[in-house]
2 protein chains.
Amino acid sequence: MTKAQFHRISKVLADPTRYQILSRIARKDELACIELRCDLPITPATLSHHLKELSSAGLIDMRKSSKFVHMKLRDKVWKDYLSTLSRL
Amino acid sequence: MTKAQFHRISKVLADPTRYQILSRIARKDELACIELRCDLPITPATLSHHLKELSSAGLIDMRKSSKFVHMKLRDKVWKDYLSTLSRL
DNA sequence: TCATCAGTTAGATGGTCATCGAACTATTAC
DNA sequence: GTAATAGTTCGATGACCATCTAACTGATGA
């Protein structure tokens with residue numbers, strides 16, 4: 001993991017809403033975007049923005065299936081991040 | 001560790017300069033402020049600001065000895081943070 | 001007592017970013 | 001085709017914050 005990617009992820013995690021989204025994605029094998037829209041107090045535009053950030057930081061994969069978008073944690077990246085962070 | 005403290009620490013770590021400072025502190029048992037001033041490309045005012053953030057987030061202890069300030073990582077808080085984060 | 005050095009505080013500034021509404025695309029249903 | 005639904009994109013806005021300079025405190029040494 002490069003320093004740039006590491007800092008990118010740190011920044012992405014620093015927003016509580018985004019962290020919560022990632023946490024929700026991680027708890028399921030795969031999560032549909034619409035499941036998040038139901039109970040998060042943000043507009044679809046904001047949610048879309050956060051998912052883009054998570055995705056371009058490399059933390060999640062996004063898959064489109066007809067009308068719906070499904071997200072998945074990228075375990076390897078997440079483990080890499082934890083391991084880099086724990087080395088401080 | 002409360003959610004508030006967790007998010008506070010996440011935010012503190014998100015700034016690369018501050019992360020580097022914390023990293024330097026962690027590598028030694030105790031680090032003098034003046035050792036950081038030497039080779040960080042920031043003014044004393046900015047350094048002081050970052051140390052205050054790290055300290056009030058609970059990540060470091062600061063000790064004043066005559067003219068000098070010494071910092072130390074609070075291992076327990078750091079380990080708590082890592083453990084909370086790894087649970088996502 | 002005076003100069004110097006370590007560090008802090010206050011206030012200003014410029015940049016970043018979470019958020020929104022509005023307009024859009026694309027898909028499904030009737 | 002037309003309406004409804006899922007999600008995106010764009011531009012604007014307001015808040016937050018890293019950084020600086022300048023002025024300060026407090027300790028050391030001459």
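In what order do the elements of chain A run from the N terminus on?

**View 1. The fold of chain A in a predicted model.** The structure shown here is a predicted model. From the N terminus on, the elements of chain A follow the order α-α-β-α-α-β-β-α. In total, chain A has five helices and three strands. Its C-alpha trace spans about 40 × 25 × 20 Å along the principal axes. The radius of gyration of chain A is 13 Å, which agrees with the value near 12 Å that a compact globule of 88 residues would have. Of the 88 residues in chain A, 22% are buried. Among contacts in chain A between residues at least 6 apart in sequence, 57% join residues at least 24 apart.

**View 2. The relation between chain A and chain B.** Chain A is superposed on chain B by a rotation of 180° with 0.0 Å of shift along the axis, and the RMSD is 0.0 Å. This is the relation of a two-fold axis. The residue of chain A that comes closest to the rotation axis is Ala14(A), with its C-alpha at 3.2 Å. Both copies use the same surface, since 100% of the contact residues of chain A recur in chain B.

**View 3. The contact between the two chains.** Chain A puts 14 residues into the contact, and chain B puts in 14 residues. On the side of chain A that touches chain B, helix 1 (3-13), helix 2 (16-27) and helix 5 (75-87) of chain A each supply at least two residues. Helix 2 of chain A gives the most to this side, with five residues. By class, the side of chain A that touches chain B has nine nonpolar, four polar and one charged residues.

**View 4. The surface near DNA strand C.** Around DNA strand C there are 24 residues, and those that come nearest are Ala45(A), Ser66(A), Cys33(B), Ala45(B) and Ser48(B). At least two residues of this surface come from each of helix 4 of chain A and helix 3 (33-39), helix 4 and strand 3 (68-73) of chain B. Helix 4 of chain B gives the most, with six residues. The surface near DNA strand C divides into ten nonpolar, seven polar and seven charged residues.

**View 5. The surface near DNA strand D.** DNA strand D is surrounded by 25 residues, of which Cys33(A), Ala45(A), Ser48(A), Ala45(B) and Ser66(B) are the closest. Helix 3 (33-39), helix 4 (44-56) and strand 3 (68-73) of chain A each supply at least two residues of this surface, as does helix 4 (44-56) of chain B. The most comes from helix 4 of chain A, with six residues. Ten nonpolar, eight polar and seven charged residues make up the surface near DNA strand D.

View 6. In soluble globular proteins, nonpolar side chains tend to be buried together. The largest nonpolar core here has 17 residues, and those with the most contacts inside it include Ile9(B), Val12(B), Leu22(B) and Ile25(B). Helix 1 (3-13), helix 2 (16-27), helix 4, strand 3 and helix 5 (75-87) of chain B each supply at least two residues of this core. Helix 2 of chain B gives the most to the core, with four residues. Leaving aside neighbours within four places in sequence, Ile25(B) is in contact with Leu31(B), Ile60(B), Met71(B) and Leu73(B). A second, separate core has 16 residues, among them Ile21(A), Leu54(A), Leu73(A) and Leu85(A).

Notes: Residues are numbered from 1 along each chain as its sequence is written. Chains are lettered from A and ligands numbered from 1 in the order in which they are written. This is a predicted model: local features need pLDDT of at least 70, side-chain atom pairs count only at pLDDT 80 or more; totals for chains, interfaces and linings use all residues. Copies are superposed by least squares on the C-alpha atoms of residues with pLDDT of at least 70 in both. Two residues are in contact if their C-beta atoms, placed from the backbone, lie within 7 Å. A residue is near a molecule or strand if its C-beta atom, placed from the backbone, lies within 6 Å of it. Ala, Val, Leu, Ile, Met, Phe, Trp, Tyr, Cys and Pro count as nonpolar, Asp, Glu, Lys and Arg as charged, and the others, Gly among them, as polar. The radius of gyration is taken over C-alpha atoms; the globule rule is 2.2 Å times the number of residues to the power 0.38. A residue is buried if 20 or more other C-beta atoms lie within 10 Å of its own, exposed if 12 or fewer, and partly exposed in between; C-beta atoms are placed from the backbone. A nonpolar core is a set of buried Ala, Val, Leu, Ile, Met, Phe, Trp, Tyr and Cys residues joined through C-beta atoms within 7 Å.
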